[in-house]
Amino acid sequence: MSQNATTSSARDPLKWWSPTSMDDVKGGETVGGPTSKPIEIDLDQLLQEKMLKAQSFRDGAEAEKVRVLAARAQPNAYQSNREKVCALEIARKEQELKSQRELSSLLAATHFREDKEEEEEDQVDVSLRELSGEEEEAVKTALGRSGNPSQVLASNEFTNIDMMKKDLDCLSGLNWLNDEVINFYMGLLQERELRLNPGKPRCHFFNTFFYNKLSKDAGQYNYNNVRRWTIDKRLKLYKYILDCDKIIVPIHQGVHWVLAVVDIAEKRLDFYDSLGGADNQVLRDLARYISDEYKNKRGTEVDCSGWEQRCLK
């Protein structure tokens, strides 16, 4: 190394020199001379530049990372917004349905009140009045043990049944009800039905002999035994029992009374037994009877075997 370079380095260790051309380098040794020029480098500035470049690189990397994360988050944000929109739409539809149901209920209640008011205006007062003292005494005498058992206490022109004192005796104590009491009461109910709904009664009441003739006496179903029970002459004040809403059938089962109801309006057959019993054969017989009645009286085929059947207490 030349003396000039050594002297320069001794003066400032942060500065060094380098050849200005390849001619100054020979055999791997640097040859100093008047043509060589020293190059001064400020290490502080160099470090600052490198630090700035590194910071710029880190900023770019961070920016790229943020961009990638934003790109990844964008579909999730879209999905989240879509779910929110769907939830709002579902809530809106549910509110509409709720409002419609409330409106329907309000309208139904309004119509019900109007219909009920009209029915109340047209309804005949059938409430029972209290018995007078004289009538109370007559009842006690009729149900008492003294007196003539064959005395006729009441007559029903509609059924042509006379109610004698011995018949009413079955209403007291633990006595068994007889046919005459049941049939007399069925007649009273039918008479009242015709009075309240002349020409088109809502209910028809058979007597206790009907089901016996239909099925019980012969041990099997026989429509011909009761075919004429519902002709015009027998019905008197109306034409078809099929025009009624319900048909009432009292049935005696040896030691116990039950009741069957054919609900034509609802297409249903009900069996009532206070002891909780059930007799599906009775309901099947009555369903077959209604089908035969349609065929015989109206010439139409109606299958009632599929009607709902219930056994109730």
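**Note on a predicted single-chain model**

1. The chain holds 8 helices and 11 strands, where helices (H or I, at least four residues) and strands (E, at least two) are DSSP runs, numbered from the N terminus. This is a predicted model, in which local features need pLDDT of at least 70 and side-chain atom pairs count only at pLDDT 80 or more, while totals for chains, interfaces and linings use all residues. Residues are numbered from 1 along each chain as its sequence is written, and side-chain values use heavy atoms, with hydrogens and water left out.

2. Of the 313 residues in the chain, 25% count as buried, a term that means under 20% relative accessible area, with exposed set at over 50% and partly exposed in between (1.4 Å probe, protein chains only). Among contacts (heavy atoms within 4.5 Å) between residues at least 6 apart in sequence, 48% join residues at least 24 apart.

3. The largest pocket has a volume of about 850 Å³, and the elements that each give two or more residues to its lining are α3 (133-143), α5 (179-196) and β9 (257-263). A pocket here is an open set of points on a 1 Å grid over the protein atoms alone, where a 1.4 Å probe fits, with protein on both sides within 12 Å along at least five of seven lines; lining residues have an atom within 4 Å of a point. Grid points are joined across faces, edges and corners, and the volume is the space filled by probe spheres set on the points.

4. Of the 25 residues that line the largest pocket, Leu 128, Leu 171, Phe 184, Tyr 185 and Leu 188 lie nearest its centre, and the largest share of the lining, 10 residues, comes from α5. By class the lining has 20 nonpolar, no polar and 5 charged residues, given that Ala, Val, Leu, Ile, Met, Phe, Trp, Tyr, Cys and Pro count as nonpolar, Asp, Glu, Lys and Arg as charged, and the others, Gly among them, as polar.

5. Helix α8 (residues 280-298) has 19 residues and spans 27 Å from its first C-alpha to its last, close to the 27 Å expected, that expectation being 1.5 Å times one less than the number of residues. At its start, a side-chain oxygen of Asp 279 comes within 3.2 Å of the backbone nitrogen of Gln 281, and just after the helix Gly 299 takes a positive phi of about 70°.

6. The buried residues of α8 include Val 282, Leu 286, Ile 290, Glu 293 and Lys 297, and what covers the buried residues of this helix includes α6 (210-216), β8 (246-252), β9, β10 (268-272) and β11 (308-312). Glu 293 has a relative accessible area of 1% and is therefore buried. Leaving aside neighbours within four places in sequence, Glu 293 is in contact with Tyr 223, Thr 230, Ile 241, Leu 242 and Arg 298.

7. Asp 273, in the loop between β10 and α8, counts as buried because its relative accessibility is 6%. A polar atom of the Asp 273 side chain lies 2.9 Å from the backbone nitrogen of Leu 275, and, not counting residues up to four places away in sequence, Asp 273 touches His 256, Val 258, Leu 312 and Lys 313.

8. Two backbone angles deserve a look. Most residues other than glycine have a negative phi. Asn 160, however, has a positive phi near 60°; this residue lies in the loop between β5 (152-156) and β6 (161-164) and counts as exposed at 64% relative accessibility. Lys 267, in the loop between β9 and β10, also has a positive phi, of about 55°.

Conventions
A polar contact is a pair of N or O atoms within 3.5 Å; within protein, one must be able to donate a hydrogen and the other to accept it, and residues adjacent in sequence count only if both atoms are side-chain atoms.
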